Amino acid sequence: LVDALINIVNKYSGQQLQEDLGLQENKKNIAEPLEPLQSRCPLPSRPQEYTLCATDGSQILPDRNYNADFFLLNISQIAFQIGTLELPIIANSTDFYTPESIDASEDFSVDFEKVANSPEFVSALRQEKELSGLLDLAISSQKTERPILSLADGTLIAWHLKNLRDKASQNQFLERYCQLLAEFRLHQLPLVSYLSFPGGQD
């Protein structure tokens with residue numbers, strides 16, 4: 001299997017890959033490599049001190065069976081100053097959403113019953129809050145001359161937005177998501193994500 005993968009990498013390198021990509025009609029979801037796939041780079045030495053920031057969230061969905069027209073988002077944050085004796089920063093925030101609060105929001109123009117109380121909308125909002133909180137945490141935790149890394153739970157590709165049935169909400173979420181990523185770049189804050197498998201040996 002490894003040999004087969006190596007052969008694929010060798011075949012689809014450089015000009016051959018560029019030509020094959022050029023033949024694709026829909027390039028919207030195709031990642032285009034910026035360097036040869038065979039590139040190998042040695043790992044840099046780990047800094048003695050660095051900052052590590054992370055966020056994770058949970059949600060309580062609306063329950064129509066109990067006439068519970070609300071949902072709740074909980075976002076937890078932590079910032080470690082690795083290699084130092086500085087205490088970690090630990091925080092969490094809880095947001096309670098009702099039809100009235102959604103209607104009053106400047107970020108959305110959606111109907112609560114038809115859109116905002118769906119699991120897809122709640123999940124998209126939670127992930128946006130996680131990333132926004134991570135950005136704020138990283139900015140406030142950044143130390144001069146100390147490397148920093150921000151960890152997001154899940155993939156950085158916003159596949160979850162495809163599940164939103166309301167296209168207007170989908171576009172609003174995507175626009176703000178891109179703005180958040182631009183802010184990470186503007187502040188020179190490296191952002192990575194990880195996939196966690198509950199119950200697995202990860």
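A polar contact is a pair of N or O atoms within 3.5 Å. Keep that cut-off in mind on this tour of a predicted model.

**Stop one: Ser141.** Select Ser141, in helix H5. Show its side chain together with the backbone of Leu137. The Ser141 side chain reaches the backbone oxygen of Leu137 at 2.8 Å. Ser141 has 1% relative accessibility, so it counts as buried. Now display its surroundings. Beyond the neighbours within four places in sequence, Ser141 is in contact with Thr51, Cys53, Ala79, Gln81 and Ile89.

In soluble globular proteins, nonpolar side chains tend to be buried together.

**Stop three: Thr55.** Move to strand E1 (residues 50-60) and select Thr55. Is Thr55 buried or exposed? It counts as buried, because its relative accessibility is 3%. Show the backbone of Glu130 as well. The backbone oxygen of Glu130 lies 3.2 Å from a polar atom of the Thr55 side chain.

Then pick Ser76. Thr55 and Ser76 are 21 residues apart in sequence, yet their C-alpha atoms are 5.5 Å apart in space. Setting aside residues up to four places away in sequence, Thr55 touches Ser76, Gln77, Glu130, Gly133, Leu134, Leu151 and Asp153.

Technical notes: Residues numbered from 1 in each chain as written. Predicted model: local features only at pLDDT ≥ 70, side-chain atom pairs only at ≥ 80, totals over all residues. Heavy atoms only, no water. Helix = DSSP H or I, 4+ residues; strand = E, 2+ residues; numbered from the N terminus. Buried < 20%, exposed > 50% of the residue type's maximum accessible area, 1.4 Å probe, protein only. Contact = heavy atoms within 4.5 Å. Polar contact = N/O pair within 3.5 Å; in protein donor to acceptor, adjacent residues only side chain to side chain.
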